[in-house]
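These are notes for a colleague who is opening this structure for the first time. Please read them with the sequence and the model side by side.

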Amino acid sequence: MKILVINGPNLNMLGIREPEIYGNKTYKDLEKYIYDVSKKCNLLNVEVFQSNHEGVIVDKIQEAYFDRVDVIIINPGALTHYSYSVRDAIASVNIKTIEVHLSDITKRDDFRKKSVLEEVVSLRFYGKGFLSYEEALHSLINKN
Ligand code: DQA
């Protein structure tokens, strides 16, 4: 099973940005965590990608179609709340997509409560820090 993990704007600032919300671990730690969990789950074809740019993320989702990616796990950062182009890209490629967030977006600012991706993703995990990614990966076990 080919898996693409996409992290959106400002996630590269983990460990620096608002540690009271996102914790002290860095983006490098998150990458390592995702690769380690994937290995333990025997999910061996995993790419982790990060960009601060909406269009680059749209390009990456489109490329996933041509690269025959089976599953996208995406933490779109703030794009979650307003990016119709990311939503349309996900709808275009018809690849199973799981939305993840470190924080509990349902219990923060009002503008974070709405995900414009909600209707085009199959599953959503949020509010558990790095574990949100682990739950997304675990949901794929025995399905490859
Ligand atoms: C986030 C939540 C978003 O509201 C925020 O803009 C982020 C991170 C999370 O992982 O909790 O950048 O997606």
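1. The model is predicted. Its sheet is open and has five strands, which pair in parallel in the order E2-E1-E3-E4-E5. The edge positions belong to strand E2 (45–50) and strand E5 (123–126); each has a single partner strand, so one side of each is left without a neighbour in the sheet. From one strand to the next, the twist averages 20°.

2. Within the sheet, strand E1 (residues 2–7) and strand E3 (residues 71–75) are joined by five bridges in the parallel sense. Leu4 has Ile72 of E3 as its bridge partner. As a general point, strands of a sheet pair through backbone hydrogen bonds, and the pairing is either parallel or antiparallel.

3. Two helices deserve a look alongside the sheet. Helix H2 (residues 27–40) packs on the sheet and touches E1 and E2, with its direction at about 165° to that of E2. Helix H6 (residues 131–138) lies across E1, E3, strand E4 (96–101) and E5, and runs at about 160° to E4.

4. How many salt bridges does the count come to? The count is nine. One to inspect is formed by the side chains of Glu119 and Arg87, at 3.4 Å from N to O. Glu119 is in the loop between helix H5 (110–113) and E5, while Arg87 is in helix H4 (residues 84–93), so this pair ties together parts that are 32 residues apart in sequence.

5. The last point is the largest pocket, with a volume of about 150 Å³. It is lined by 15 residues, of which Tyr22, Gly77, Ala78, Arg108 and Arg112 are the closest to its centre. By type, the lining of the largest pocket comprises six nonpolar, six polar and three charged residues.

Notes
Residues numbered from 1 in each chain as written. Predicted model: local features only at pLDDT ≥ 70, side-chain atom pairs only at ≥ 80, totals over all residues. Heavy atoms only, no water. 1 Å grid on protein atoms, 1.4 Å probe; cavity = no way out; pocket = protein on both sides within 12 Å on 5 of 7 lines; lining within 4 Å. Points joined across faces, edges and corners; volume = space filled by probe spheres on them. Nonpolar A, V, L, I, M, F, W, Y, C, P; charged D, E, K, R; others polar. Pairing = 2+ DSSP bridges. Helix = DSSP H or I, 4+ residues; strand = E, 2+ residues; numbered from the N terminus. Axes fitted to C-alpha atoms, helices over the stretch in contact; angles between N-to-C directions. Contact = heavy atoms within 4.5 Å. Salt bridge = Lys/Arg side-chain N within 4 Å of Asp/Glu carboxyl O.
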